[in-house]
Amino acid sequence: MFTGIVTELGTVVALERTADAARLTVRSPAVLAGVRLGDSIAVDGCCLTVAAHDGETWTADLMAETLDRTTLGDLRPGDVVDLEPALAVGDRLGGHIVQGHVDGVGTVLARTPGERWDVVEISLPADLARYVVAKGSIAVDGVSLTVVAAGEASFTVSLIPETLARTTLGTRAVGDTVNLETDVLARHVERLLAAGVLPAAQPVEVAR
């Protein structure tokens with residue numbers, strides 16, 4: 001599990017493709033401190049397993065599902081990626097609960113600079129729109145953000161100076177694609193309601 005607080009900006013060293021998979025190698029010495037084989041690191045919001053590392057770089061395997069549902073298959077050597085190691089018991093939950101399971105890919109539609117922040121509009125796949133609400137949480141390329149406005153086809157977020165400086169969202173331009181993970185709590189509540197496990201909300205009568 002992750003919190004959507006980026007620890008380090010890593011650099012892609014290589015992406016070796018095969019017929020239905022790939023191996024990604026990233027340089028990120030800070031994130032690797034204390035990491036062991038089999039540990040999880042989120043790359044642009046996608047949870048990957050460390051298969052090899054040398055203290056400076058590490059390698060992970062990308063399966064077909066990962067390549068189909070995320071932007072990782074489009075990475076090239078030299079690209080910069082957002083990194084976050086898995087949350088340890090007792091760590092602060094600085095952002096929100098992020099699984100590292102990307103739900104879909106969005107596209108940056110507009111970027112409006114402010115005095116100290118940017119407002120960014122991102123396209124929203126139709127099947128994810130019901131999970132995105134104003135003032136709710138969403139992870140964009142693994143960064144925990146608060147939704148400013150939500151529509152059926154897009155949503156907006158405000159990027160503060162810290163986010164602009166310490167994540168890849170500071171350089172994302174119109175037309176760039178980003179990984180999206182919606183609030184896992186909303187998805188679980190929907191499933192429980194559909195299964196009849198949770199009672200549907202009932203109208204409340206107001207005394208007059």
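## Close-up views

**View A. Glu-181 and its neighbours.** Leaving aside residues up to four places away in sequence, Glu-181 touches Gly-45, Val-98, Gln-99, Gly-100, His-101, Asp-103, Ile-138, Ala-139 and Arg-187; contact here means heavy atoms within 4.5 Å. All of this is a predicted model, where local features need pLDDT of at least 70, side-chain atom pairs count only at pLDDT 80 or more, and totals for chains, interfaces and linings use all residues. Residue numbers start from 1 along each chain as its sequence is written, and side-chain values use heavy atoms, with hydrogens and water left out. Glu-181 lies in strand β13; helices (H or I, at least four residues) and strands (E, at least two) are DSSP runs, numbered from the N terminus. With 3% relative accessibility, Glu-181 counts as buried, on a scale where buried is under 20% relative accessible area, exposed is over 50% and partly exposed is in between (1.4 Å probe, protein chains only).

**View B. Asp-44 in its loop.** Look for Asp-44 in the loop between β3 and β4. What does Asp-44 touch, not counting residues up to four places away in sequence? The list runs Leu-72, Leu-75, Val-81, Asp-82, Asp-141, Gly-142, Thr-168, Arg-172 and Asn-179. Asp-44 has a relative accessible area of 1%, so it counts as buried.

**View C. The salt bridge between Arg-172 and Asp-44.** These two side chains meet in a salt bridge at 3.8 Å, N to O. The pair ties together distant parts of the chain, 128 residues apart: Arg-172 sits in the loop between α3 (161-166) and β13 (177-181), and Asp-44 in the loop between β3 (40-43) and β4 (46-49). The rule asks for a side-chain nitrogen of Lys or Arg within 4 Å of a carboxyl oxygen of Asp or Glu.

**View D. Arg-23 paired with Asp-61.** How many salt bridges does the rule find? The count comes to 6. Here, the closest N and O atoms of Arg-23 and Asp-61 are 2.7 Å apart. This pair also links distant parts of the chain, with Arg-23 in strand β2 (residues 22-27) and Asp-61 in strand β6 (residues 57-62), 38 residues apart. Arg-23 is partly exposed, because its relative accessibility is 35%. Asp-61 is partly exposed too, at 37% relative accessible area.

View E. Asp-118 and Arg-111 form a salt bridge whose closest N and O atoms are 3.0 Å apart. Asp-118 counts as buried at 13% relative accessibility, whereas Arg-111 counts as partly exposed at 22%. Elsewhere, salt bridges that share partners join Asp-44, Asp-141 and Arg-172 into one network.

**View F. Domain 1 against domain 2.** The chain is assigned domain 1 (8-85) and domain 2 (104-193), with bounds from an automatic or database domain assignment. Taken over C-alpha atoms, their centres are 22 Å apart. Domain 1 brings 11 residues to the contact and domain 2 brings 13 residues. About 800 Å² is buried between domain 1 and domain 2, and carbon and sulfur atoms give 44% of that area. Asp-44, Thr-71 and Asp-82 supply 53% of what domain 1 buries against domain 2, more than any other three residues. Buried area is the accessible area (1.4 Å probe) that two parts lose on being put together, summed over both. Across this interface of domain 1 and domain 2, the rule finds 1 salt bridge.

View G. Met-1, Leu-93, Ile-97 and Leu-185 make a nonpolar surface patch of about 360 Å². Patches are made of residues with over 30% relative accessible area and no salt bridge, joining like charges within 9 Å and nonpolar side chains (Val, Leu, Ile, Met, Phe, Trp, Tyr) within 5 Å. Accessible areas come from the Shrake-Rupley method with a 1.4 Å probe; for residues, only the protein chains shown count as cover. Ile-97 is in the loop between β7 (80-85) and β8 (104-113), and is partly exposed at 31% relative accessible area.

**View H. Ala-19 in a loop.** Ala-19 belongs to the loop between β1 (8-17) and β2. Is Ala-19 buried or exposed? Ala-19 is exposed, because its relative accessible area is 86%. Ala-64 is 45 residues from Ala-19 in sequence and 9.1 Å from it in space, C-alpha to C-alpha.
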